[in-house]
Amino acid sequence: MFPVFAEVPAYPLVFAVFWGAAAFFALAMARHLRIFAAARAAGPSPLADIPARTLGLIRYAFIQTKMFKDRRAGLMHFGI
């Protein structure tokens with residue numbers, strides 16, 4: 001035992017508590033991952049066609065093409 005931790009009461013229990021918490025976390029995450037895998041929606045993979053999805057993100061979020069459907073609102077928005 002390190003001399004720094006000599007004054008800490010029940011210091012050896014720290015390891016048991018840590019590994020118990022790590023095991024609990026691993027079991028809880030495994031349960032969540034099993035549920036996510038079972039409830040996965042049928043359809044295309046979210047990782048499919050990444051270039052087209054990235055282009056859509058740029059057009060929608062950064063260029064904001066939807067805003068320019070209304071000309072007045074689009075011009076005011078562009079001015080700001």
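This is a predicted model: local features need pLDDT of at least 70, side-chain atom pairs count only at pLDDT 80 or more; totals for chains, interfaces and linings use all residues.
Biologist: What makes the pair of Y11 and F15 edge-to-face?

Modeller: Two aromatic pairs are counted, and in this one the ring centres of Y11 and F15 lie 5.7 Å apart, which is within the 6.5 Å limit, while their planes stand at 75 degrees, over the 60 required, so the pair is edge-to-face.

Biologist: Why is Y11 called buried, and what is F15 called?

Modeller: Y11 has a relative accessibility of 13%, which is under 20%, and therefore counts as buried; F15, at 48%, falls between 20% and 50% and is therefore partly exposed.

Biologist: How do you know that F18 and W19 are edge-to-face?

Modeller: The ring centres of F18 and W19 are 5.0 Å apart, within 6.5 Å, and their planes are at 75 degrees, over 60, so this pair too is edge-to-face. W19 itself has a relative accessible area of 57%, over the 50% cut-off, and is therefore exposed.

Biologist: Why is L33 called exposed?

Modeller: L33, which lies in helix α1 (residues 13–38), has a relative accessible area of 52%, and because this is over 50% the residue counts as exposed. L33 also belongs to a nonpolar surface patch with F25, M29, I35 and F36, whose accessible area together is about 530 Å².

Biologist: How do you know that the protein chain is more spread out than a compact globule?

Modeller: The chain has three helices and zero strands, and its radius of gyration is 27 Å, well over the 12 Å that the globule rule gives for 80 residues, so the chain is more spread out than a compact globule.

Methods:
Residues are numbered from 1 along each chain as its sequence is written. Side-chain values use heavy atoms; hydrogens and water are left out. Rings of Phe, Tyr and Trp (its six-membered ring) pair if their centres lie within 6.5 Å; planes under 30 degrees apart count as stacked, over 60 as edge-to-face and the rest as tilted. Buried means under 20% relative accessible area, exposed over 50%, partly exposed in between (1.4 Å probe, protein chains only). Patches are made of residues with over 30% relative accessible area and no salt bridge: like charges are joined within 9 Å, nonpolar side chains (Val, Leu, Ile, Met, Phe, Trp, Tyr) within 5 Å. Accessible areas come from the Shrake-Rupley method with a 1.4 Å probe; for residues, only the protein chains shown count as cover. A salt bridge is a side-chain nitrogen of Lys or Arg within 4 Å of a carboxyl oxygen of Asp or Glu. Helices (H or I, at least four residues) and strands (E, at least two) are DSSP runs, numbered from the N terminus. The radius of gyration is taken over C-alpha atoms; the globule rule is 2.2 Å times the number of residues to the power 0.38.
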